[in-house]
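Hi everyone, thanks for coming.

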Amino acid sequence: MLEVSELSISFNTLDRHLRPKKMEAIHKLELSIDAGEILAVVGSSGSGKSLLAHAILGILPGNAQVTGTIRFKGEKLTAERQEGLRGKEIALIPQSVQYLDPLMRVGDQVRQAVRRGNPAELQRKAFSKYKLSDFVAKLFPFQLSGGMARKVLVSTATVSGAQLLIADEPTPGLDAPSMSETLSRFKQLAQEGCAVMLITHDIEAALTVADRIAVLYAGTVVEIAPRTDFTGDGQRLRHPYTQALWRALPGNGFIPLPGAQPLPDALPAGCVFAPRCSMATSECERQAPESRMVRSGRVRCIHSD
Ligand SMILES: Nc1ncnc2c1ncn2[C@@H]1O[C@H](COP(=O)(O)OP(=O)(O)OP(=O)(O)O)[C@@H](O)[C@H]1O
Ligand code: NI
């Protein structure tokens, strides 16, 4: 359904001496999602998750420079096609609740997104799953709590009947039952044939529903692994960063990874993870590793086998 290849996104900015410089926020990213599949994209803050979502939707800021290709249903996505598909065949659950229309009652916003079926009925059904009363539908966004606004955004995207759903951090601010309601809604949409991209930094939540996990680090997909590889002490995972993420979970040792992700304007010359990697060699520092297939997954690490 979706195929992203060699996607790079950079911005022209100024350095501290006000000289123009280019910073690359996403580097040669590749991933794909099949119909009926949930792909989780996990990565820490600033790794490029929202930029990826916005590139697929065609809503990047004007100063972004994009190279590479994005295909939807086998056909290249052009700006024109993106505009036609947005909110119809491709739906976004945005990271910020500010994307709600401040001047429209939230029930109307949800009903307006429906393209197949009865809008009023679908809106009521979506709200009742979240235990939102009929009264809420008549409110304006400023009258909602953060969690309620989040539920309205999820409802809007999930009633749309889109074939590709991109959910950018859809669950923060939701209580546990609402969070599991949201995730099971994604599962249901996938079972109906929808391709779902679940963007999150909550790897545990991702593992409850995703078929595969793509791990983003400093703008690079370092690994794509089936969910079933996240087990034991992480020996089936291909990249040292994915293993570190796995081992940092409370149930798996709670072992923190020292150091911080590099910023897009100060990326290392070789492998982006090398400065924090216990396996790094001089070759890792010299050259960024190519993406390759390893055991039905992908990895950018020369040490993986
Ligand atoms: N308009 C812009 N101009 C310059 N740099 C930008 C712009 N938008 C994003 N960036 C940079 O690109 C990088 C990736 O940003 P992005 O919003 O995709 O991160 P993210 O993974 O979604 O983080 P979070 O988990 O905090 O939402 C960041 O370093 C950010 O500073
Ligand atoms: Ni984001």
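This is a predicted model: local features need pLDDT of at least 70, side-chain atom pairs count only at pLDDT 80 or more; totals for chains, interfaces and linings use all residues.

**A walk through the model**

Zooming out, you get an open sheet of four strands, ordered 2-1-4-5, with antiparallel pairing. At the edges you'll find strand 2 (20-33) and strand 5 (75-76), each of which pairs on one side only.

Now look at helix 1. It lies across strand 1, strand 2 and strand 4, and its direction makes an angle of about 75° with strand 2.

Helix 1 also matters for our next stop, ligand 1. How many residues surround ligand 1? There are 14 of them, and the closest are Ala25, Ser45, Lys49, Ser50 and Leu51. Helix 1, residues 49-57, gives the most to that shell, with three residues. If you sort the shell around ligand 1 by type, you get five nonpolar residues, eight polar and one charged.

Last stop: helix 3, which covers residues 106-113. Which of its residues are buried? They are Val106, Gly107, Val110, Arg111 and Ala113. Looking down the axis of helix 3, these buried residues fall within an arc of 160°, so they line one face of the helix. And what do they pack against? The partners are helix 4 (119-129), helix 5 (134-137) and helix 6 (146-158).

Technical notes
Residues are numbered from 1 along each chain as its sequence is written. Chains are lettered from A and ligands numbered from 1 in the order in which they are written. A residue is near a molecule or strand if its C-beta atom, placed from the backbone, lies within 6 Å of it. Helices (H or I, at least four residues) and strands (E, at least two) are DSSP runs, numbered from the N terminus. Ala, Val, Leu, Ile, Met, Phe, Trp, Tyr, Cys and Pro count as nonpolar, Asp, Glu, Lys and Arg as charged, and the others, Gly among them, as polar. Two strands pair if DSSP finds at least two bridges between them. Two residues are in contact if their C-beta atoms, placed from the backbone, lie within 7 Å. Axes are lines fitted to C-alpha atoms, for helices over the stretch in contact, and angles run from 0 to 180 degrees between N-to-C directions. A residue is buried if 20 or more other C-beta atoms lie within 10 Å of its own, exposed if 12 or fewer, and partly exposed in between; C-beta atoms are placed from the backbone. The arc is that of the directions from the helix axis to the C-beta atoms.
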